[in-house]
2 protein chains.
Amino acid sequence: MAQKFQTLPGFRDFYPADCAARNYLFGQWRAVAKGYGFVEYDAPILEPTDLYKRKSGEEISNQLFCFTDKGERDVSMRPELTPSLARMAAARQRDFKKPLKWFSIGQFFRYEKQQKGRLREFYQFNCDILGESSPAADAELVALSIDLMLELGFTAQDFAIKLSDRTAWSIFIEQEGIETEKTDAFLQVIDKLERDKAEKLDEKLAALGTSLTAVREFIDSGVAEEKCESLQQIMAELDARGMRDFVRIDLSIVRGLAYYSGPVFEVFDIGKGMRAIAGGGRYDQLVKLIGGVDLPAAGFAMGDVVVTDLIRETEAANQLLEEDVAGETLDAYVVIADEKQRKEGLQVVQRLRENGLRVNFPLTAAKVNKQFQSAEQQKADLAVIVGSDYPQITFKTLAKREECSCDISELEDMAGKLLLS
Amino acid sequence: MAQKFQTLPGFRDFYPADCAARNYLFGQWRAVAKGYGFVEYDAPILEPTDLYKRKSGEEISNQLFCFTDKGERDVSMRPELTPSLARMAAARQRDFKKPLKWFSIGQFFRYEKQQKGRLREFYQFNCDILGESSPAADAELVALSIDLMLELGFTAQDFAIKLSDRTAWSIFIEQEGIETEKTDAFLQVIDKLERDKAEKLDEKLAALGTSLTAVREFIDSGVAEEKCESLQQIMAELDARGMRDFVRIDLSIVRGLAYYSGPVFEVFDIGKGMRAIAGGGRYDQLVKLIGGVDLPAAGFAMGDVVVTDLIRETEAANQLLEEDVAGETLDAYVVIADEKQRKEGLQVVQRLRENGLRVNFPLTAAKVNKQFQSAEQQKADLAVIVGSDYPQITFKTLAKREECSCDISELEDMAGKLLLS
């Protein structure tokens, strides 16, 4: 008895039904990005580990799939795309007209503790605008994320955007007299506002010279919304697109990573579990840090795991997915009713395939009713029956059970007519 | 000055033009496989190293990207798909009606010496039929590989199929009195027939009780073709499909790997460099070896690197690729001729995108002629001009430079009409 092999923990097999659902999501990601004039690119799945340390500091290596390759290089399976994008954009930025509007769909790897919505391998849609410092680029990205959610079948009852700007906190920092070099430390505390206990937060904030009360008052006051120009412009642009109602300004969103430098946002689900479905923001210094070239940039990413969970939980969205997957069927199943006509059957298969149809047939002799069962299981639209009355061919539509016949010379015409009707 | 990061040797960046060419190939792979009634699946990029050792023996680890993960597991980035497929098929074979016709498109990793046509990362199209022992399945796979090459724009002048069957050599083994337990060793010599020197081959063959002359005579005699039933059936089925002329029986093809158990074939280029473009064969024992389930199987794989080289070298094939890539353009570029109308411009952008069009526009103020330049560089079909005469909108087709205007209420209708014409 052979040893049973299993997939590694946190890794997935994609059997045909799972693969079709995955490809549906890829298709929607791709279609909406192209609708916004973005072009697709990709980067290596394996990169030098230093590329990730440069951006995120040493602590990221805790969750890297990193190793030493046979050439003694310290390498990592990519945990995210932005460092590779920064490297690529910096290396060839002169070849492209600004702004670059680039998207990518690919797989990523993080050695994390497994839990719902978190695996060790996942797909991510990355969408970035490089070479444009105006908040108009941020607005374009937020709009894209909204249209993507709508395209997936979600409504304003299912999701909303939390929009913030890291620089809005400079108003507070000035008002409270916090030392500017402590800005990062301060934002790290804000990032934990919804997760840490009040006592712990207060303690940390006191050390920085302020308090939880002052922070909460600032958030509630709406001062930032009034005074922060980037937030105002983003809201105005979203208003012009009819998307104002999807967006809530929420300064508690600062997105953990230190490299964000301006507006940041999250798409989150408001119906089911308040999960973050996508997120991103402006990172004007990262391309310089990694590639030595000044190139302002903003972007966001959406993973496949949480959004697929949400699709499955949301009736309208799930129905769109199911309809798309169900549409992946055969056009015709060629029934070889008499083995003496197998050769002619193969010719029919070949002619229909050459005509662009998706065609299956029994590889070996099988009873006619078994063949019809196969045609139905594979959701063929048509059965094309080749038998002893050849060169006469009989067609049967599997939905309405309508039957008709024609001479072999009319094969393609008749199949085309029946598939259109 | 920041350190310059570079891609690892043998790994590729896919800038937009490269990514479009890659996606063209993926699209052709997918379309032809679906035309043959195959369904798509995928497996993890990282698997337990033992999975690959079980199939290919210890020596494969020389070219594995293998390492110990943070959970002390010995893991490898996949060098091929077949072991994962065997694992998956064995685990759930009862859930699927036989035969399974499955295909996959994914990335693979081998730590190899770099040379033309060989990288350390590559994409591969894998196509397998499981649960069918008849040579009809092998014929279906060969036919698919031929139709794929034709679909890519190649002709009988560019490629041919070398078809063989490992069992055909049993006629020779019996005739020469070679001990049957030495069959594998014998086939290893045959596998090197085109690469090793005559002297070395003769020496090895003498040790097995035969000679190079006897081998060459057997190949030239056509005995195998006459007596090997599987080869006869495959040829008859390909003949029925009108594909006889693409195929050459060539017993020197045995495909190195020990697990092939019957018919084997290669697609190779006959015009340029006699390279193998794709290859595969029957492996009836592998699913049992890996998953403990008896499931006859046959399949083949095509990598992206060699076939893309060949496309680039072959005018008709390259033209198909270029046309496909060039078709990836914008439908409309919205020209904001007067910044006072930016809000209305954004509304126009949004309405056209909601109507399914691919639309771009200037994120910030730009001169009108600059905007037209952008529209042309991005190969937009239409310029949609929003200016001071709003609610009047002006359209300009960029190919024929035709102009017309309409009221904003007719926006979608007019855009639709112009894009169809």
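**Exercises: backbone exceptions in chain B**

Lys379(B) is partly exposed, having 14 other C-beta atoms within 10 Å; the class covers residues between buried (20 or more other C-beta atoms within 10 Å of their own) and exposed (12 or fewer), with C-beta atoms placed from the backbone. This is a predicted model, in which local features need pLDDT of at least 70, side-chain atom pairs count only at pLDDT 80 or more, and totals for chains, interfaces and linings use all residues. Residues are numbered from 1 along each chain as its sequence is written, while chains are lettered from A and ligands numbered from 1 in the order in which they are written.

**Exercise 1.** Find the loop that holds Lys379(B) and state its phi.

*Solution.* Start with the place: Lys379(B) sits in the loop between α15 (368-377) and β14 of chain B. Helices (H or I, at least four residues) and strands (E, at least two) are DSSP runs, numbered from the N terminus. Next, read phi: the value for Lys379(B) is near 55°, positive in a non-glycine residue.

**Exercise 2.** Is Arg401(B) buried or exposed, and where does Arg401(B) lie?

*Solution.* First count neighbours: Arg401(B) has 8 C-beta neighbours inside 10 Å, so Arg401(B) is exposed. Then locate Arg401(B), in the loop between β15 and β16 (403-407) of chain B. Finally, its phi is positive, near 60°.
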